[in-house]
Amino acid sequence: MDEYGSKVRIAFKHLPLSIHSKALAAHQASEAAHQQGKFWEMHDKIFENQREMSEANYLVYAKQIGLDVDKFKGDLASSTVNRRIDADKSSASALGVSGTPAFFINGRYLSGNQPFESFKRMIDEELSKKS
């Protein structure tokens with residue numbers, strides 16, 4: 001976003017991996033925070049504290065980022081949150097994505113943890129097509 005501003009859009013999709021026992025709860029926490037407009041704030045807290053992933057900590061983070069904690073608690077296990085996560089998992093499966101991180105830039109797949117230059121090269125190629 002710093003490099004491209006409004007020329008790009010980031011869309012986060014959930015894919016909690018079954019091999020990661022704490023993944024689903026983390027995705028539920030970020031999506032529950034999204035219900036109050038604070039997805040990225042919760043996402044960032046969880047990633048900054050990956051060694052401390054727990055539902056108790058998600059409640060602490062919810063308070064820190066200014067969420068209505070009671071609403072957050074209710075949303076954590078809500079069908080709305082779980083349907084969103086399930087829909088994202090289905091989309092990933094349909095696209096052949098089975099691991100994270102995974103990225104798509106105008107439909108072009110970029111797999112794994114990549115340096116910024118990999119993104120920049122692909123984004124620049126896509127933007128040059130629009131000229």
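What volume does the largest pocket have? The largest pocket has a volume of about 1,800 Å³. This structure is a predicted model, in which local features need pLDDT of at least 70 and side-chain atom pairs count only at pLDDT 80 or more, while totals for chains, interfaces and linings use all residues. Residues are numbered from 1 along each chain as its sequence is written, and side-chain values use heavy atoms, with hydrogens and water left out.

**Pockets**

Rolling a probe the size of a water molecule over the atoms shows where empty space is left. A pocket is found on a 1 Å grid over the protein atoms alone, as an open set of points where a 1.4 Å probe fits, with protein on both sides within 12 Å along at least five of seven lines; lining residues have an atom within 4 Å of a point. Grid points are joined across faces, edges and corners, and the volume is the space filled by probe spheres set on the points.

The lining of the largest pocket consists of 46 residues, and I10, A11, F12, A102 and F103 lie nearest its centre. At least two lining residues come from each of α1 (23-34), α2 (39-48), α5 (79-94), β1 (102-105) and α6 (116-129). Of these elements, α6 gives the most, with 5 residues. Helices (H or I, at least four residues) and strands (E, at least two) are DSSP runs, numbered from the N terminus.

The second largest pocket is lined by A11, F12, H14, E31, H34, G37, K38, F39, W40, E41 and R84. Both α1 and α2 supply at least two residues of this lining, and the largest share, 3 residues, comes from α2.

Ala, Val, Leu, Ile, Met, Phe, Trp, Tyr, Cys and Pro count as nonpolar, Asp, Glu, Lys and Arg as charged, and the others, Gly among them, as polar.

| Pocket | Volume | Lining by class |
|---|---|---|
| Largest pocket | about 1,800 Å³ | 27 nonpolar, 11 polar and 8 charged residues |
| Second largest pocket | about 160 Å³ | 4 nonpolar, 3 polar and 4 charged residues |

Buried means under 20% relative accessible area, exposed means over 50%, and partly exposed lies in between (1.4 Å probe, protein chains only). H27 is found in helix α1. Because its relative accessibility is 14%, H27 counts as buried. Leaving aside neighbours within four places in sequence, H27 is in contact (heavy atoms within 4.5 Å) with F12, H14, L15, P16 and I85.

In α2, the residues F39, M42, H43 and I46 are buried. They cover an arc of only 105° around the axis, which puts them on the same side of α2; the arc is that of the directions from the helix axis to the C-beta atoms. The cover over the buried residues of α2 includes α1, α3 (55-64) and α4 (69-76).

**Aromatic pairs**

Rings of Phe, Tyr and Trp (its six-membered ring) pair if their centres lie within 6.5 Å; planes under 30 degrees apart count as stacked, over 60 as edge-to-face and the rest as tilted. By this rule there are 6 aromatic pairs. The ring centres of Y58 and Y61 are 6.2 Å apart and their planes stand at 50°, so this pair is tilted. Both residues lie in helix α3, 3 residues apart, about one turn of the helix, and both Y58 and Y61 are buried.

The rings of F104 and Y109 have centres 5.1 Å apart and planes at 35°, so this pair is tilted. F104 is partly exposed, with a relative accessible area of 36%, and Y109 is partly exposed at 40%. F12, F39 and W40 form one aromatic cluster.
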